[in-house]
Amino acid sequence: MSTIDSIAPRLQWHILAPEEIERIHEASLTVLERTGVRFPAPRALAVLEAGGCRVDWASGVVRFPRAAVLAALAWAPRHYVLAARDPEQDVLLDGRHGYLSNDASGVFIVDHHTGEIRSSTKADVAASACFVDALPELAFCWGPAVTSRDAPAATRALHDAEAVFVNTSKHFQTVTTVGETAARSVAEMAVLVAGGREELRRRPILSFMQCAVDPLGHDALNLEASLVAAEYGLPCGFMPMPLAAGTGPATLAGTLVVQNAGTLSGLVLLQLAFPGTPVFLSGAPSVIDVRTGAYTGGSPEDYLLAGAATQLARRYEIPMAMGTMATGAKEPGWQAAVDDSLSTFTSVMSGADMMNGAGLLNGSKMLSYPHLLMETEIYRIVKRMAAGIDVSDDSLALDVIDRVGCAGTYLAESHTRRHARDLWRPSFWDRSPHELWLRAGRPGALEKATEAADEILATHEPRALPEDVRRAIRALVAAADASSTEMPR
């Protein structure tokens with residue numbers, strides 16, 4: 001059983017000055033009040049209108065009075081737990097700790113021996129959830145990592161959720177569940193796993209993340225699902241992904257305003273519908289490739305936008321989920337390493353609570369298990385950097401320095417034995433002498449990570465769900481398949 005890893009950084013990177021944060025905050029309130037955000041869902045519009053927002057029912061655009069936004073921010077909990085089936089793997093969102101997850105919703109699997117790329121299946125969802133379960137660096141399962149493309153489209157989210165619940169005892173944050181019917185079905189799965197609806201509300205083992213529709217819009221099915229999540233007391237947040245010069249202004253400050261207004265608008269909806277429900281802010285702002293019009297990931301602007309958006313969330317004291325890693329590289333090479341390193345550094349040093357996530361290549365499309373493992377190496381490096389340097393009587397080591405003197409060695413000292421394990425050691429990097437490296441066949445990080453991935457896939461056994469719960473979940477999915485015309489596509 002793995003024990004989850006977290007980061008509590010002593011060091012911080014502030015991209016925006018305090019007065020700049022306030023200017024973007026004020027600009028966001030202006031956009032919410034003057035421009036508005038589109039909510040194409042009748043139930044959401046009714047909730048917002050009842051809460052004092054100005055609703056244009058013909059267009060679905062909602063304009064938010066400043067007071068309504070500030071009130072909703074005040075109602076939102078500052079701290080809460082993303083519970084896990086295994087309580088030892090609970091994730092505490094307290095504004096001081098950061099957690100890494102896998103990336104989500106990939107549609108291809110890279111065979112790490114042949115290089116073949118194929119569509120993902122439900123079996124891959126199960127295998128990836130089990131893989132996440134095995135890694136202490138991944139605190140929760142975001143996703144699923146890939147989707148069940150061999151399952152009926154109408155009930156795919158239920159097949160995804162079944163495979164995740166069965167194969168990990170970590171917290172599950174779904175990003176593929178849309179529509180009221182599907183959301184209720186997945187929430188009822190969580191009720192079965194948790195042991196009752198009130199127990200689920202007390203210990204939410206499931207949370208929802210919904211993507212926004214940039215710029216300044218939401219999707220109807222996503223809105224329906226988020227309202228169901230809040231009804232069950234499950235944490236929920238909306239992730240805008242504006243692209244500067246495309247679905248956001250060409251300036252980074254303008255894109256931050258669009259990003260911030262979009263995620264705040266979802267928070268207001270959920271607080272008006274169910275005051276006090278646990279919510280989080282989220283985002284994955286980026287820039288468009290002006291030569292191709294594509295989203296690729298891996299630009300310096302990505303890192304600046306991510307860090308600044310996280311600073312804004314810190315200003316509101318609301319938990320923040322920030323898109324992290326998700327390189328645009330097509331293979332686990334130097335481009336992926338640089339991109340993931342800078343992205344992880346930014347999210348950690350700016351104080352993101354949830355960092356989503358590791359494992360996918362090509363702009364979050366292709367899952368590679370060795371790549372995921374090498375990203376955990378990056379995470380551990382940045383974690384060590386974020387811890388800074390402890391300066392205390394023990395760490396200054398004056399007595400030891402005096403005892404060893406000018407020509408001795410520290411290797412045999414008890415002080416060294418106590419602290420040697422504190423020094424970072426690689427899992428996949430090779431730091432052996434050159435002659436040994438040559439004799440070993442010139443192994444690199446990818447070769448070591450490939451061997452480790454094979455071992456995990458072959459041997460890891462997640463904590464088993466009780467058989468009666470597994471049967472009940474299976475029956476729920478089968479019933480949904482039988483009446484799949486009722487499920488959103």
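Let me begin with contacts, meaning heavy atoms within 4.5 Å. Among contacts in the chain with a separation of 6 or more, 77% are between residues 24 or more positions apart.

This is a predicted model, where local features need pLDDT of at least 70, side-chain atom pairs count only at pLDDT 80 or more, and totals for chains, interfaces and linings use all residues. Residues are numbered from 1 along each chain as its sequence is written, and side-chain values use heavy atoms, with hydrogens and water left out.

The overall picture, then. The chain has 18 helices and 19 strands; these are DSSP runs numbered from the N terminus, with helices being H or I of at least four residues and strands E of at least two. The radius of gyration is 23 Å, close to the 23 Å that the globule rule gives for 489 residues, so the chain is as compact as a globular protein of that length. That radius is taken over C-alpha atoms, and the rule is 2.2 Å times the number of residues to the power 0.38. Along its principal axes, the C-alpha trace spans about 80 × 55 × 50 Å.

Buried is under 20% relative accessible area, exposed is over 50%, and partly exposed is in between, with a 1.4 Å probe and protein chains only.

Now helix α9, residues 252–273. Its 22 residues should span 32 Å at 1.5 Å a residue, and its end C-alpha atoms are 32 Å apart, which agrees. The expected span is 1.5 Å times one less than the number of residues. The helix is mostly covered, with 19 of the 22 residues buried.

Next, the backbone. Where are the cis peptide bonds? One joins Asp214 and Pro215, with omega about 0°, and another joins Asn356 and Gly357, with omega about -10°. Pro215 sits in the loop between β11 (206–211) and α8 (220–231), whereas Gly357 is in strand β17, residues 354–358.

The loop between β11 and α8 also holds Leu216. Leu216 is not a glycine, yet its phi is positive at about 55°. Leu216 is buried, at 17% relative accessible area. Glu317, also not a glycine, has a positive phi of about 60°; Glu317 lies in the loop between α10 (300–316) and β16 (320–323).

Last, Glu413, in the loop between α14 (398–404) and α15 (414–419). Buried or exposed? Glu413 is buried, with a relative accessible area of 15%. Leaving aside residues up to four places away in sequence, Glu413 touches Val400, Arg403 and Val404.
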